[in-house]
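Hello,

Here is the structure you asked to see. Please look it over, then read the notes below.

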Amino acid sequence: MARISREERKRQIMDTALILFSREGFFEVTMADIAQELGMSVGNLYNYFTSKEALAKELILYISKLLGEEIRKINFKTISAREKIGEIVRFYFVTAKERPELIEYFLRIYLANREIFKNGCEGFLCVSPFVTEIMIFFEEGVRSGELRDQDFFSAFGLFMGYLGGMVFLMGEGMLPNEIDYYIEDISENIYQALKA
Amino acid sequence: MRTSTKPSKLSLLWLQGATCNGNTHSFLNYPHLEAVLERLEILYHPLLPSRYRIGELEEVEKCHILVVEGGVREGVKRGNREFKELLELFIEKAQWVLCVGSCAVYGGLFGERGVALKGEEPTPFYLPKVINIPGCPAHPDWIATTLWAVVEGRELIRDHLLRPKEIYGYTVHAGCPRNEYFEWKVDAREFGKREGCLFYELGCQAPYTRGNCNQILWNEVSSKTGVGMPCIGCTEPDFPQENLFSTKTYMGIPARFPLGVPKRAYLTMTGVAKSFKIERLERRLFEED
């Protein structure tokens, strides 16, 4: 088997940890569980992440970069803000469906357990790649005259709170339909709320 | 035995177009004005003792330095001549043309155009002999430094708007005593206070305006931003903009970013800075205030 790089190994560990956290719960899963799942020694795992807390912080940064990169691609497209909203909603819901562990970690672990992240992930520090792209989406929408100028957090809360709420309902098994069923209506609702 | 030779004087002719006279006043405030004037022969200046009167300028055959103050506009008369005619006549005759103040440089408040530029666009007088010294007004030191360089025969490297780089190579932000507040994104919400950065709320244009105001200071004492008044961007071609005392934002994000800083870089940096609360910068500098 070809040797994999340290970076690839780290990503493997993070992907595995995310699935375990999602399945068993963050506090139930130990570093030893993660090592066992990966077939590596606990000692070796600590070579990659010095503690579970350090792993937790890298995970949120990892997810934020992943989401940020996709929204960045949407931001670079020469399409209207309305179409961008549609694409962001679609991407977010499809990600939540295909890799629920990513969004769940964000909603259920990062947002719900701020004490784990208080040192080194203050404020927007660990979610900056994602939030920056959302800021740019809003800024460009207002600059072009398509979206209404308002306080950033009013708009951010409406957009991300809405999406987060739907994914949360999905996670609880409370949605009568698949999440992608709602993409069109929710995109339209968000656009109607934000348009100039 | 040492022989003392008097340094030679260069002749200077100061023409005013459409102007408020502000740059003349600024120049008269230069603390070492006498030393500069000792090296100049004033052919004509509207306020300083001069060899010629305004109606006699046709007798002037040549001048080393033409200083232009004010914008170029049809119908402005000086003596019995159109200002524009006199300007063209002496641009031809002068070795150096110094455009002093933003009106002479870009057109500014009063002019249809400046001498060598109309806003940022070159006019037919965009010539190697032109040195632009924008500002509203130009700082006394900028006028004197430029005159002194010409008198001494020292070359002034200029940017694409013909502004000397040693003055306009910096942004007004460089040297601002509020830089710590900018770095950590601590906003000022009132004018005239010692604390807080004026960029985020109060319209400060220092991060994208050229000039060394915060390095050489005004009246040798302070600067606009030093005393809690935003920089209003007076050295730039788009001066004056509207709403000088509030920052234009799009959903809370500044419409303009610091010079040369890409949007993503700026938002990433400020997002990081805003994630921390620096207690010292939240407090008054002087408890007695």
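This is a predicted model: local features need pLDDT of at least 70, side-chain atom pairs count only at pLDDT 80 or more; totals for chains, interfaces and linings use all residues.

Residues are numbered from 1 along each chain as its sequence is written, and chains are lettered from A and ligands numbered from 1 in the order in which they are written.

Fold. Chain A has 9 helices and 0 strands (DSSP runs numbered from the N terminus: helices H or I, at least four residues; strands E, at least two). Its radius of gyration is 18 Å, close to the 16 Å of the globule rule for 196 residues, so chain A is as compact as a globular protein of that length (taken over C-alpha atoms; the rule is 2.2 Å times the number of residues to the power 0.38).

Domains. An automatic or database assignment gives domain 1 (1-50) and domain 2 (59-194) in chain A. Domain 1 puts 7 residues into the contact and domain 2 puts in 9 (C-beta atoms, placed from the backbone, within 7 Å).

Helix pair. H8 (residues 152-171) and H9 (residues 183-194) of chain A pack at about 165°, axes 10 Å apart (lines fitted to C-alpha atoms over the stretch in contact; angles run from 0 to 180 degrees between N-to-C directions). That makes H8(A) roughly antiparallel to H9(A) (over 145 degrees). Contacting residues include A:Phe159 and A:Tyr162 in H8(A), and A:Ile186 and A:Ile190 in H9(A).

Best wishes

Key:
Angles under 35 degrees count as roughly parallel, over 145 as roughly antiparallel, 65 to 115 as roughly perpendicular and the rest as oblique. Two residues are in contact if their C-beta atoms, placed from the backbone, lie within 7 Å.
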